[in-house]
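Work through the exercises below with the sequence and the model open. Each task is followed by a solution in steps.

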Amino acid sequence: MKDTVLLLAMNGLIWGLIIALIALGLSVIFGLLDIINIAHGDFFMVGTVLAWFSLSATGNFWIGFLVAPLAGFILGAIIQRLVIQPIHGAAALSIVATFGLSLILQEIVRITFGPTPRRMLAPIQGTVPLFGVEYDIYRLLAAFVALLALAGFFLFLHHTKLGIWMRAVRHDRETAVAMGIPAKSVYVLTFGIGFALAAFGGAVAAPITTVDFRGGVDVLPFCFMAVIIGGLGNLPGTVAAAVLLAFLEGLIQSVADPTIARISSLVLMSAVLLLRPQGLFKGYAK
Amino acid sequence: MTGRPLAIGLAVGTAVFLITVPWLIPALIDSFWVSVITEILIWSLFASSVNLLFGYVGLLSFGQALYFGFGMYGTALGIDHLALSFWPAFGLGIVSAMAMALVSGVLAVRLTWHYFAIITVVFSLIFYFLAVSMKPLTGGDDGINFSLPPVLRLGGKAFGLTDPTFQYFFVLVVVSLCLFLKFRVINSPLGKGFLAIRDNDLRASLIGLNVYVLRLIAFVMAGFLAGVSGALFAFFGRYASASYMFYQVSGEAVVWTIVGGAGTLFGPLVGTALFIVIREIVSSHWEHHSLLVGLLAILAVIFAPKGIVGLWNGWITRLDERAAASPRLTLQADP
């Protein structure tokens, strides 16, 4: 019993780190472009599929870690120019546009990858003893990679010119433009990064979940929960909330079935929305 | 030619078409299309519940499928478990949808905009997962089937929805009544209050409107519209399923409403009809019809951000302006 609890809690924690990556992408897009991105779950799904294709094309799993975010970035930039820019940040219209986008992405994957879900084998098999349970090595590695990517993203945001531009446009667009920051390009870049984060999360998660053209449908509400509970636009809060939510769901899953676990986190989220709409972590991080 | 006769002509044409559907359509195409049009009417009522909230009160609900589902299950369980006859089951569906809307509305309408969109989808997800897990009662994603009781008996003869023509007219009458009610509400002082809140809720509260109560009333009314459509759909399909409570169903109604024209009476009908007709025509020839649907949604918001009916209204207004402007032009040219 203690072992199961530990195992499910660990699974939850690691899943939370991956979700944090995806939710971070959603939060960046939401915060900067004011877009409610219904297609974000599908960006994750595209990442899992890209990982599948690059594995079957090259025989090397790790290439997917490069291909998924790169292709995601390019796709995201193209989508921003073609679909998002013409609607000028009108949030209601963005829901319709990204809903259409979600249908298109799912259908393209259904045509190319096929309608049947598939399992992907992890590149490293085997387990290691951890706190007295035998734990899957790949999952530990996935957690480590996700942590690295999270750290890399925050370094990028705070210590590179592009990252500072992104924060500047988000903070005050008018002033940023007056200072010579090309806001339009920053939007393209941001959407690309948002897609890339989700796609990278997908590549990391591919051997843990199934690769399926509808794989984004369940991930989407979870990411929105993380963004809201963390506080809209609060990036560190989003990461903390994703990890916390998935960890809690893992814990509850060890005593109840997964549906009950999902319902509990939804109820928790309603409470946060109603009592602390600014997010759980306001005042702890900015 | 000014816009008014054009609009009246279109309305009369549509009404004549809708009344003659059960004879016109089988003669022209196929009797299958009568049931497609029935389905369009039901879903457009669902879309107009999104429209009432978003188009007239400015609240974007992403969880109307919850009240659709309650209307559906209230009716189906009423017939299947409680052995109710037609009208009490219909009433049970509507009342349970409205009760659910009242309970969740009390909490939800405290929030606005993004937060409102997200709390409505969260509420609907909670009950979606509950419905999925309570399989013995709800049948989960597979749903439950039931057989239809007759609608009414006249002189020893029973009328039921198993007759497609009767079913069509039943749906047409119910949907028209609901849309008429909606029209009356929007043009009443209550409706003016809704519009005031949509345009500026702070100003609305400063002139003495109780924003919270008005939003709650609108929310329960939208629950009523969604509940009626859910009950109708249960009758139409003779079954109820948890899958109709998922957030994607709510999302479709939002898309239909915005593409058709939010804040217009017939926008949801036009948007729903467009998407369902395309689905029916294309899906029989081409497996990947959602590509077209997705593309259409994107093109619609880029080229017609006010929706199809919004585009049409703009066109009519321009026609009127031109008609009004032309005599003045000749006057100026005369001397």
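**Exercise 1.** How close do the axes of helix 2 (residues 32–57) of chain B and helix 7 (residues 164–186) of chain B come, and at what angle do they cross?

Solution. This is a predicted model, in which local features need pLDDT of at least 70 and side-chain atom pairs count only at pLDDT 80 or more, while totals for chains, interfaces and linings use all residues. Residues are numbered from 1 along each chain as its sequence is written, and chains are lettered from A and ligands numbered from 1 in the order in which they are written.

Step 1. Helices (H or I, at least four residues) and strands (E, at least two) are DSSP runs, numbered from the N terminus. Axes are lines fitted to C-alpha atoms, for helices over the stretch in contact, and angles run from 0 to 180 degrees between N-to-C directions.

Step 2. The two axes come within 9 Å and cross at roughly 15°.

Step 3. Angles under 35 degrees count as roughly parallel, over 145 as roughly antiparallel, 65 to 115 as roughly perpendicular and the rest as oblique. Helix 2 of chain B and helix 7 of chain B are therefore roughly parallel.

Step 4. The crossing is left-handed (the near helix is turned anticlockwise from the far one by less than a right angle; clockwise would be right-handed).

Step 5. Residues are in contact if their C-beta atoms, placed from the backbone, lie within 7 Å. Helix 2 of chain B contributes residues including B:Leu41, B:Leu45 and B:Tyr56, and helix 7 of chain B residues including B:Val171, B:Cys178 and B:Lys182. By class, this contact has 14 nonpolar, 4 polar and 1 charged residues (Ala, Val, Leu, Ile, Met, Phe, Trp, Tyr, Cys and Pro count as nonpolar, Asp, Glu, Lys and Arg as charged, and the others, Gly among them, as polar).

**Exercise 2.** Describe how helix 7 of chain B packs against helix 10 of chain B.

Solution. Step 1. Their axes come within 11 Å and cross at roughly 175°, which makes the pair roughly antiparallel.

Step 1. B:Val171, B:Val174, B:Cys178 and B:Val185 of helix 7 of chain B meet B:Met221, B:Leu225, B:Val228 and B:Leu232 of helix 10 of chain B. The contact consists of 8 nonpolar residues, with no polar and no charged ones.

**Exercise 3.** Classify the packing of helix 2 (residues 40–58) of chain A on helix 3 (residues 63–84) of chain A.

Solution. Step 1. The axes lie 8 Å apart at an angle of about 135°, so the helices are oblique to each other. Their crossing is right-handed.

Step 1. Among the contact residues are A:Phe43, A:Gly47 and A:Leu50 of helix 2 of chain A, and A:Gly64, A:Val67 and A:Gly72 of helix 3 of chain A. The contact divides into 9 nonpolar, 5 polar and no charged residues.

**Exercise 4.** Which way do strand 2 (residues 127–130) of chain A and strand 3 (residues 133–136) of chain A run, and how many bridges join them?

Solution. Step 1. The strands run antiparallel, joined by 4 bridges; pairing requires at least two bridges found by DSSP.

Step 1. A:Leu130 has A:Val133 as its bridge partner, and A:Thr127 stands opposite A:Asp136.

Step 2. The two strands form a hairpin with 2 residues between them, and A:Phe131 in the turn has a positive phi of about 50°.

Key:
Two residues are in contact if their C-beta atoms, placed from the backbone, lie within 7 Å.
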